Amino acid sequence: MTVGEKIKQLRKERHMTGETLAERAGTSKASLYRWEAGDAGKMPVDVLTRIAEVLDTTPGYLLGFEQQQQRQPHPADLDDEEAILTYQGKPLSDEDKEMIRRIMRGK
């Protein structure tokens, strides 16, 4: 699957129009559709990074460096404890979570 095909697939999975994605990523709708059609070789890295952020994935996944789509949890989707037990949106190890729980309980 090409970069453009992945972008289009993720955009549709998130029920997002090309116009909405382009606006949120700070690029033009025409450029986005061109990249989705296979002209991704000319996509600036900063735009690719913003598109990945908006689509809740990583640039590495879009480029094919990562096999699995590593979505970052959105803070609104986390309960209070899950939000505390993450670091920059990434889950902490079980040991780190337990240490934080002990600190929160004052032990």
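A residue counts as buried when its relative accessible area is under 20% and as exposed when it is over 50%, with partly exposed in between. By that scale Glu13, at 43% relative accessibility, is partly exposed. The model discussed here is predicted, and it holds 3 salt bridges.

**A pair between helices**
- Arg11 and Glu36 form a salt bridge in which the closest N and O atoms are 2.7 Å apart.
- This pair links distant parts of the chain, since Arg11 belongs to helix H1 (residues 3–13) and Glu36 to helix H3 (residues 29–36), 25 residues apart.
- Arg11 is buried, its relative accessible area being 7%.
- Glu36 is likewise buried, with a value of 9%.

**A pair within helix H4**
- Asp46 and Arg50 are joined by a salt bridge, with 3.2 Å between the closest N and O atoms.
- Both residues lie in helix H4 (residues 45–54), and because they are 4 residues apart there, about one helical turn separates them.
- Arg50 has a relative accessible area of 29% and is therefore partly exposed.
- Asp46 is also partly exposed, at 44% relative accessibility.

**A pair involving Glu13**
- The side chain of Glu13 meets that of Arg14 in a salt bridge, at an N to O distance of 3.6 Å.

How values were computed
Residues numbered from 1 in each chain as written. Predicted model: local features only at pLDDT ≥ 70, side-chain atom pairs only at ≥ 80, totals over all residues. Heavy atoms only, no water. Salt bridge = Lys/Arg side-chain N within 4 Å of Asp/Glu carboxyl O. Helix = DSSP H or I, 4+ residues; strand = E, 2+ residues; numbered from the N terminus. Buried < 20%, exposed > 50% of the residue type's maximum accessible area, 1.4 Å probe, protein only.
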